[in-house]
Amino acid sequence: MSHTQPATGHGSGSGSDPAAVSAAATVPAAQAGTAPPPPDQAAYLELLARDAAAEAYDRPALLARADGAGPETLAALEGAKQLALRVRGELAGLRRRQAELSALFETAHDLAGLRDLDAVLRAIVQRARSLLGTEVAYLSLNDPAAGDTYMRVTEGSVSARFQQLRLGMGEGLGGLVAQTARPYVTASYFDDPRFQHTATIDSCVRDEGLVAILGVPLMLGSQVIGVLFAADRRARVFEREQVALLGSFAAHAAVAIDTANLLAETRSALAELERANGIIRAHSGVLERASEVHDRLTELVLRGGGVHDVAGAVSEVLDGTVEFTEEVPALPGTDGHAVRRGEEWVAAVSAGGEVFGALVLRGHPDLDPVDRRTLERAAMVTSLLLLARRSASDAEQRVRGELLDDLLDAPERDVRLLRERAFRLGADLDAPHAVLAARIDGPESDRQRLWSAASHLAATRRGLAAARDGGTVLLLPLGGAGGLPPGGACAESAPPDAAGLARLVARQLGETLREPVTVGASALAAAPAADPEAIAEAYAEARRCLDTLGAIGRSGEGAAAQDLGFLGLLLSQSRDIPGFVRSTIGEVVDYDERRGTDLVRTLDAYFACGMSPARTKDELHVHVNTVAQRLERVGRLLGPGWQSPARALEIQLALRLHRLSGALTH
């Protein structure tokens, strides 16, 4: 039998009433003023003092019964025994919680002085195994590069195959934990059908002899990066307190991994700076100007200068014009050095194998080695500035995504707080917005790029963006609602309607990613702060529109429900029938009203007669030439292709809705 237990706070396993503990604790005190407890009852205090086993508490009553004690004495002993056992249980619970808190404090202390990630993770796994009383504990981490999961730390394992196990994403109990981001426990691994069994995993688990397994996720934000396990080689049931304790250890492990990653990135950046300083120191005796350039660039970084400030400073030093460009030319074999290209010198701006752009020097074709190193150092500083700007941008993107997630998932939150959070991000939730769902066909890396590009677009347009359902959701103001911030990067203002905004976003994201991006938009959301629950409904409509675009072969486009004809009428949350009729045959209806003609009736009869002019003239009792003239006028009003099957279907539906409604609403 298997159980799923949420990670709750630690509590006593005995479930005792704290008042009972207080009562037990006050018994000796109450009696201290009069007389000591009877010797037969005092035995229980002695048992508590030496933490005797539970079976030992039966001995005083057995001895009293053997000595011929009366019923009242035996009843008093039984009451004292039960009270002593309750106190013993409370004391055991307090000791257990003390041990758990001590282990958590020790883990937190390890994190504060983190030097060796493996040592910290090993200590976490060891403490988890000890406190949960399991035979085995182990920790697995996701390997995004290989697309699988591997064993990082094991404790108590005896199988070499198990310790070296790599398993695919979604396989085994760990796969179920990673997919749901929730703890799972199984009392009998091989009899549990909830997760995907594979021959490789089952064979390794069988080698290790594991039966009962508890797994909790390691979370960084909303992302599962691994799983922490506790397991026994016999069937057992894990209590809620044990699940919660293992969850606490998993949280510490996630923090340790995140901290180690940040430290590695910091050390890498510091190593880059140290290398730059070493080169400058090595050549400082050649020319004092190299040291001056280094000082100027360092000063720029410390006072918050940007990429263009660095380019301007280097331009002065090198007596030329230095510009930063994101269009990186092909620079094979440069290995981070500045190279000459015609009359220009080019230094790539890169970090960690990623190329951000290049610094291009013009007007100074002859550079000595020191000047070349100056240009290279400027490129390195530029890469650090860009990395810092990206980190700040990533943090803002996460905050924007969290606010949008709250609007979608928890609309009952305090509206005032939502407004304040939006204001700090430059968004106005009291202005008209549209919800857009964007998707790109490709691997996970492409979806990550889509989220990054959409987040940047949302920031420039004073909107919000979040990764969701395998794609990205955006909440953007319409034209005139939010506008652009001063000096905004996006030169094109937002259209006044959701359909135009969807087309604009699809085009801009596609140009940024150089891949087709499909965007579906919802109807207008008048003021998200006034009705937060409408955002989730608008997102559902945008998703339906997005799925429909893919189904009808219009991937890579942007559209709202109003662009999809009768399909849009079905998809729209508002069911705007007058709007559908107006967009489909409004020109014909308006013409009839202005001229007093009968084009709508003629068009209706034409379709009713199987698109036969001869039968239509009989239906209308007019000459066939009159029918032809009217249909020619209809064609000019509706545009070419109005008799194609798809258009004809929409026109017939609009005619029927117009006839049922009685008149077109203007």
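Are Y138 and F162 buried or exposed? Both are buried, where buried means under 20% relative accessible area, exposed over 50% and partly exposed in between, with a 1.4 Å probe and protein chains only. Everything below comes from a predicted model, in which local features need pLDDT of at least 70, side-chain atom pairs count only at pLDDT 80 or more, and totals for chains, interfaces and linings use all residues. Residues are numbered from 1 along each chain as its sequence is written, and side-chain values use heavy atoms, leaving out hydrogens and water.

View A. Rings of Phe, Tyr and Trp (its six-membered ring) pair if their centres lie within 6.5 Å; planes under 30 degrees apart are stacked, over 60 edge-to-face, and the rest tilted. Y138 sits in strand β2 (residues 136-143) and F162 in helix α6 (residues 160-163), so the pair ties together parts that are 24 residues apart in sequence. Helices (H or I, at least four residues) and strands (E, at least two) are DSSP runs, numbered from the N terminus. Ring pairs also bring in F229, making a cluster with Y138 and F162.

**View B. R236 lies over the face of F238.** The distance to the ring centre is 4.3 Å. The cut-offs here: NZ of Lys or CZ of Arg within 6 Å of the ring centre and within 35 degrees of the ring normal.

**View C. Helix α16 covers residues 533-551.** Buried residues in α16 include I535, A538, Y539, A542 and L549. C545 counts as buried too, because its relative accessibility is 0%. Just after α16, G553 takes a positive phi of about 80 degrees.

**View D. A181 and D469 have positive phi without being glycines.** A181, at about 55 degrees, is in the loop between α7 (172-180) and β5 (184-186). With 32% relative accessibility, A181 counts as partly exposed. D469, with phi near 55 degrees, is in the loop between β13 (464-468) and β14 (471-477). D469 is exposed, with a relative accessible area of 51%.

**View E. Residues 1-35 keep pLDDT under 50.** pLDDT is the predictor's confidence in each residue, from 0 to 100. The model has 59 contacts (heavy atoms within 4.5 Å) beyond four places in sequence for this stretch.

Technical notes: Expected span 1.5 Å × (residues − 1).
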